[in-house]
Amino acid sequence: MIRCKIELYIMKECILILGACGQIGTELTQKLRSIYGNDAVIASDIRAPASGISELAPFEILDASNKEAILKVVQKHQVTQVYLLAAMLSVTAEKYPEKAWNLNMNSILAVLDLAKEKHIQKIYWPSSIAVFGPTTPKINTRQKTIMEPSTVYGISKLAGEFWCNYYHQQYGVDVRSLRYPGVISWKTKPGGGTTDYAIDIYFKAVKDRKYECFLSKDTRLPMMYMEDAVNATIALMQADKSSIKIRSSYNLAAFDFTPEEISEEIKKHLPDFEISYQPDFRQKIADSWPQSIDDSEARIDWNWQHEFNLKTMTKDILNHIQKK
Ligand code: AKB
């Protein structure tokens, strides 16, 4: 009788986060470390965090668009998965179109190539509602619809989505992506986004009891609390490969509101809060995006469910900022 000895090698996951000091990167790193352990999640960014490297250790200084530098870190730590969060957002990208295009495109192409060359096994890359444009139907915007983005950021995200799908079809790369709406957080502030007003408003409400909004009072945009965005990201990455039917990027939604509606919600906690409106160039960007998103594919394919709404999010954020 021939005896076959089957040895099972269980590969330990090691995750590299590119852009770990940013708004989403900070909270995603914390959550992934609570799941996989500190040493299994390597944080990285173009520069050291303001609070000092030791707090984020293990930490690497890394340019997300430099493929060779990423490869060195991948090999050093035997990285299996990469979460690429480094990007230039909508407002900053309009100011520096070339820089934005280079960062947003070179980083995703570098990581896709590393997966094609079998250095890494899985990639997470965020897209955005910015892939839609002025000609897209605005209410309950579907997964597949007219997509003619009018911003540099949106063009780079839509091109990135096509590249993700291409690398999956041609080379079997396991890349997963979500089209984030405006993500609202209180731990780390974002920089250079159009939806950032919905974060600043809470800080100004607590500190000054007034806020001047750069969007008009009836500008409705899709939004989500950070906790839900982080949970969605990890759920997508942990989902069985066979359940991921969309390899460009999934629509993702929780709720939507206008500046007037968020200010009314804040007033329930801080009755003397006042808002005024001074729309600027960012209004045009906001006007080009959907007002609400249909994310039924994400809910069906990998059971996405959000938890927070405007009311519960506002209560939670104000509690945290007031304690801070
Ligand atoms: C931005 O406002 O640029 C981002 C986004 C919607 O992707 N928050």
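Reader: Which residue stands opposite L16 in strand 4?
Author: That is V82. Keep in mind that this is a predicted model.
Reader: OK. How many bridges join strand 1 and strand 4?
Author: Strand 1 covers residues 15-18 and strand 4 covers residues 81-84. They pair over 4 bridges, in the parallel sense.
Reader: What is the order of the strands in the whole sheet?
Author: The order is 3-2-1-4-5-6-10. That makes 7 strands in an open sheet, with parallel pairing.
Reader: Which strands stand at the edges?
Author: Strand 3 (59-61) and strand 10 (250-251). Each has a single partner strand, so one side of each has no neighbour in the sheet.
Reader: Now helices. Which strands does helix 1 lie across?
Author: Helix 1, residues 23-36, lies across strands 1, 2, 4 and 6. Its angle to strand 2 (41-45) is about 165°.
Reader: And helix 3, what does that lie across?
Author: Strand 1, strand 2 and strand 3. Helix 3 spans residues 67-77 and runs at about 155° to strand 1.
Reader: New topic. How many disulfides are there?
Author: The count is 0. Take C14: the nearest cysteine sulfur belongs to C21 and is 17 Å away. A disulfide needs the two sulfur atoms within 2.5 Å, and C14 is in none.
Reader: Is C14 buried or exposed?
Author: C14 is buried, because its relative accessible area is 6%, and the cut-off for buried is under 20%.
Reader: What about C164, buried or exposed?
Author: Also buried: C164 has a relative accessible area of 0%.

Terms used:
Residues are numbered from 1 along each chain as its sequence is written. This is a predicted model: local features need pLDDT of at least 70, side-chain atom pairs count only at pLDDT 80 or more; totals for chains, interfaces and linings use all residues. Side-chain values use heavy atoms; hydrogens and water are left out. Two strands pair if DSSP finds at least two bridges between them. Helices (H or I, at least four residues) and strands (E, at least two) are DSSP runs, numbered from the N terminus. Contact means heavy atoms within 4.5 Å. Axes are lines fitted to C-alpha atoms, for helices over the stretch in contact, and angles run from 0 to 180 degrees between N-to-C directions. Buried means under 20% relative accessible area, exposed over 50%, partly exposed in between (1.4 Å probe, protein chains only).
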